[in-house]
Amino acid sequence: MYFPALSDEDMKLPFYVTSAGSWRHQTHIKRQGEFPDYQWIQCLKGRGELRVNDEVYIIKGK
């Protein structure tokens, strides 16, 4: 996992990384309300699911 130390100047940029990392298998997370950051969902191999409300998005690796 990577969590950069962001300066006030960094946060003035239109985009910046708030964290990066990976999980082999992430357990179910139910968030109340909105998540404050954009998320990049990527699968290098195999298959995964992203569930948001009643929608299911299949993420496939090559």
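Student: How many salt bridges does the structure hold?

Tutor: The structure holds three salt bridges. Before the details, note that this is a predicted model, in which local features need pLDDT of at least 70 and side-chain atom pairs count only at pLDDT 80 or more, while totals for chains, interfaces and linings use all residues. Residues are numbered from 1 along each chain as its sequence is written, and side-chain values use heavy atoms, with hydrogens and water left out.

A salt bridge here is a side-chain nitrogen of Lys or Arg within 4 Å of a carboxyl oxygen of Asp or Glu. Side chains of opposite charge can pair when their charged atoms come close.

Take Glu49. Its side chain meets that of Arg51 in a salt bridge, at 2.8 Å from N to O. Glu49 also forms a salt bridge with Arg47, where the closest N and O atoms are 3.7 Å apart.

Arg47 is exposed because its relative accessible area is 54%. Arg51 is exposed too, because its value is 58%. Glu49 has a relative accessible area of 41%, so Glu49 is partly exposed.

Another salt bridge joins the side chains of Glu9 and Lys12, at 3.2 Å from N to O. Glu9 and Lys12 are both exposed. Asp8 has 60% relative accessibility and therefore counts as exposed. Asp8 lies in the segment before strand E1 (47–52); strands (E, at least two residues) are DSSP runs, numbered from the N terminus.

Strand E1 also holds Val52, which is partly exposed because its relative accessible area is 38%. Val52 belongs to a nonpolar patch on the surface with Ile41, Leu50 and Tyr57, and together they have about 320 Å² of accessible area. Such a patch is made of residues with over 30% relative accessible area and no salt bridge, with nonpolar side chains (Val, Leu, Ile, Met, Phe, Trp, Tyr) joined within 5 Å. The areas come from the Shrake-Rupley method with a 1.4 Å probe, and for residues only the protein chains shown count as cover.

Methods
Helices (H or I, at least four residues) and strands (E, at least two) are DSSP runs, numbered from the N terminus. Buried means under 20% relative accessible area, exposed over 50%, partly exposed in between (1.4 Å probe, protein chains only). Patches are made of residues with over 30% relative accessible area and no salt bridge: like charges are joined within 9 Å, nonpolar side chains (Val, Leu, Ile, Met, Phe, Trp, Tyr) within 5 Å.
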